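Here is a short briefing on one protein chain.

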Amino acid sequence: MTTLRVACVQITAGRDVAANIETVSGLIRQAAAAGAKLIATPEMTSLMERDKRAMRPKIRVEQDDLALAALRKLAQELGVHLLIGSLPIDAGEDRLANRAFLIDPGGRSRRATTRSTCSTSTCRAARASAKALPIARARKPWWPMSTGPGWA
């Protein structure tokens, strides 16, 4: 029988992206050292900011996101899969996205899901254009959890 060791790391992200990356990276390293091959992080892993105006300058487009780049490199270094609960991503046209990623041991990432956080007029377009990976259904229900306010 093959065994897959899975770990869920928990952080309380704050307003400092670099500090959050450092914290979650340390926890991921600990989980990998304990034998985990699939490591999950919480929603909003890189930033938790209640004020969207204060959040805006800290958020980058996907290809320039500091946390995503660091976590891709870490997955490759450790040879693990990372399931990033979500990162705040600049979705363009004054839209923000709460986006989850699955990163393989080669450092390649795929979007697992996107939840847009935008004005009503642009939400329909954001949802229509989001390209998500199919998510397998479990036999038992999975209950969604939110880690902070402002992401309705």
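Contact here means heavy atoms within 4.5 Å. By that criterion, Gln76 touches Pro105, Gly106 and Gly107, leaving aside residues up to four places away in sequence. The model is predicted. The points below start with the whole chain and then move to the helices.

**Overall fold**

- The chain holds four helices and five strands.
- Read from the N terminus, the elements run β-α-β-α-α-β-β-β-α.
- Of the 152 residues in the chain, 39% are buried.
- Among contacts with a separation of 6 or more, 59% join residues 24 or more positions apart.

**Helix pair H1 and H3**

- Two packed helices are described by the angle between their axes and the distance between the axes.
- Helix H1 covers residues 17-33, and helix H3 covers residues 66-78.
- Their axes come within 11 Å and cross at roughly 20 degrees.
- Angles under 35 degrees count as roughly parallel, so H1 and H3 are roughly parallel to each other.
- The crossing of H1 and H3 is right-handed.
- On the H1 side, the contact residues are Ile21, Val24, Ser25, Ile28, Arg29 and Ala32.
- On the H3 side, they are Leu66, Ala67, Ala70, Leu71, Leu74, Glu77 and Leu78.
- By class, this contact has 10 nonpolar, one polar and two charged residues.

**Leu68 in H3**

- Leu68 lies in helix H3.
- Its relative accessibility is 0%, so Leu68 counts as buried; the cut-off for buried is under 20%.
- Leu68 touches Glu62, Leu87, Phe101, Ile103 and Ser109, not counting residues up to four places away in sequence.
- Leu68 and Ile103 are 35 residues apart along the chain, and their C-alpha atoms are separated by 9.1 Å.

**Gln76 in H3**

- Gln76 is also found in helix H3.
- Its contacts beyond four places in sequence are with Pro105, Gly106 and Gly107.
- Gln76 and Ile103 are 27 residues apart in sequence.
- In space, Gln76 and Ile103 are 8.8 Å apart, C-alpha to C-alpha.

**Points to check in the view**

- Which residues of H1 meet H3? Ile21 and Ala32 are among them.
- Is Leu68 buried or exposed? Leu68 is buried, at 0% relative accessibility.

Conventions: Residues numbered from 1 in each chain as written. Predicted model: local features only at pLDDT ≥ 70, side-chain atom pairs only at ≥ 80, totals over all residues. Heavy atoms only, no water. Axes fitted to C-alpha atoms, helices over the stretch in contact; angles between N-to-C directions. Helix = DSSP H or I, 4+ residues; strand = E, 2+ residues; numbered from the N terminus. Parallel < 35°, antiparallel > 145°, perpendicular 65-115°, else oblique. Left-handed = near helix turned anticlockwise from the far one by under 90°. Nonpolar A, V, L, I, M, F, W, Y, C, P; charged D, E, K, R; others polar. Buried < 20%, exposed > 50% of the residue type's maximum accessible area, 1.4 Å probe, protein only.
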